[in-house]
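I'm opening my notebook on a new structure. I'll jot down what I look up, one topic at a time.

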Amino acid sequence: MNEYNQYVTTVNKIFDYLEKMKAGWDSLDNLNYIESVEEYKSAVIKYAEVFKTPKPIPMTGELETLGDD
């Protein structure tokens, strides 16, 4: 499984668990905590793109020409 699939699977599990907790808890404080975590859902989904496209390895400095001593 590549990084993108792992990320998406993990995020889906987290928000699935949050939905189950919301259904099972009556405490207003706990529900407010869950809602505060859910505020970040769109940002978490947006950053899935980071794993979707591989990053090129940046070249730093100049390459030495071989045989040019």
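**Ground rules**

I'm working with a predicted model, so I note that local features need pLDDT of at least 70, that side-chain atom pairs count only at pLDDT 80 or more, and that totals for chains, interfaces and linings use all residues. I number residues from 1 along each chain as its sequence is written, and my side-chain values use heavy atoms, with hydrogens and water left out.

**Confidence and layout**

I checked pLDDT, the predictor's confidence in each residue, from 0 to 100. The protein has a mean of 83, and 75% of its residues reach 70 or more.

Next I looked up helices (DSSP runs of H or I, at least four residues) and strands (runs of E, at least two), both numbered from the N terminus. Confidence is highest in helix α2 (residues 28-38), at a mean of 92, and lowest in helix α4 (residues 48-52), at 79.

**Surface**

I looked up the accessible area, which comes from the Shrake-Rupley method with a 1.4 Å probe; for residues, only the protein chains shown count as cover. The protein exposes about 6400 Å², and carbon and sulfur atoms supply 55% of that.

Of the 69 residues, 9% count as buried.

**Salt bridges**

Side chains of opposite charge can pair when their charged atoms come close. I count a salt bridge when a side-chain nitrogen of Lys or Arg is within 4 Å of a carboxyl oxygen of Asp or Glu. How many salt bridges does the structure hold? I get 3.

One joins Asp16 and Lys20, at 3.5 Å from N to O. Both sit in helix α1 (residues 3-24), 4 residues apart, which is about one turn of the helix. Asp16 is partly exposed at 37%, while Lys20 counts as exposed at 54%.

Another pairs Glu19 with Lys22, with their closest N and O atoms 3.8 Å apart. These two are also in helix α1, 3 residues apart, again about one turn. Glu19 is partly exposed at 42%, and so is Lys22 at 29%.

Lys22 turns up again in a salt bridge with Glu38, at 3.4 Å from N to O. Glu38 belongs to helix α2 and Lys22 to helix α1, so this pair ties together parts that are 16 residues apart in sequence. Through shared partners, Glu19, Lys22 and Glu38 form one network.

**A buried residue**

I then picked Ile34, in helix α2. Is Ile34 buried or exposed? At 4% relative accessibility, I put Ile34 down as buried. Leaving aside neighbours within four places in sequence, Ile34 is in contact (heavy atoms within 4.5 Å) with Leu18, Met21, Lys22 and Trp25. I also noted that Ile34 and Glu19 are 8.7 Å apart, C-alpha to C-alpha, and 15 residues apart in sequence.

**Rings**

The charged end of Lys41 sits over the ring of Phe15, 5.2 Å from its centre.

Conventions
A charge sits over a ring if NZ of Lys or CZ of Arg is within 6 Å of the ring centre and within 35 degrees of the ring normal. Buried means under 20% relative accessible area, exposed over 50%, partly exposed in between (1.4 Å probe, protein chains only).
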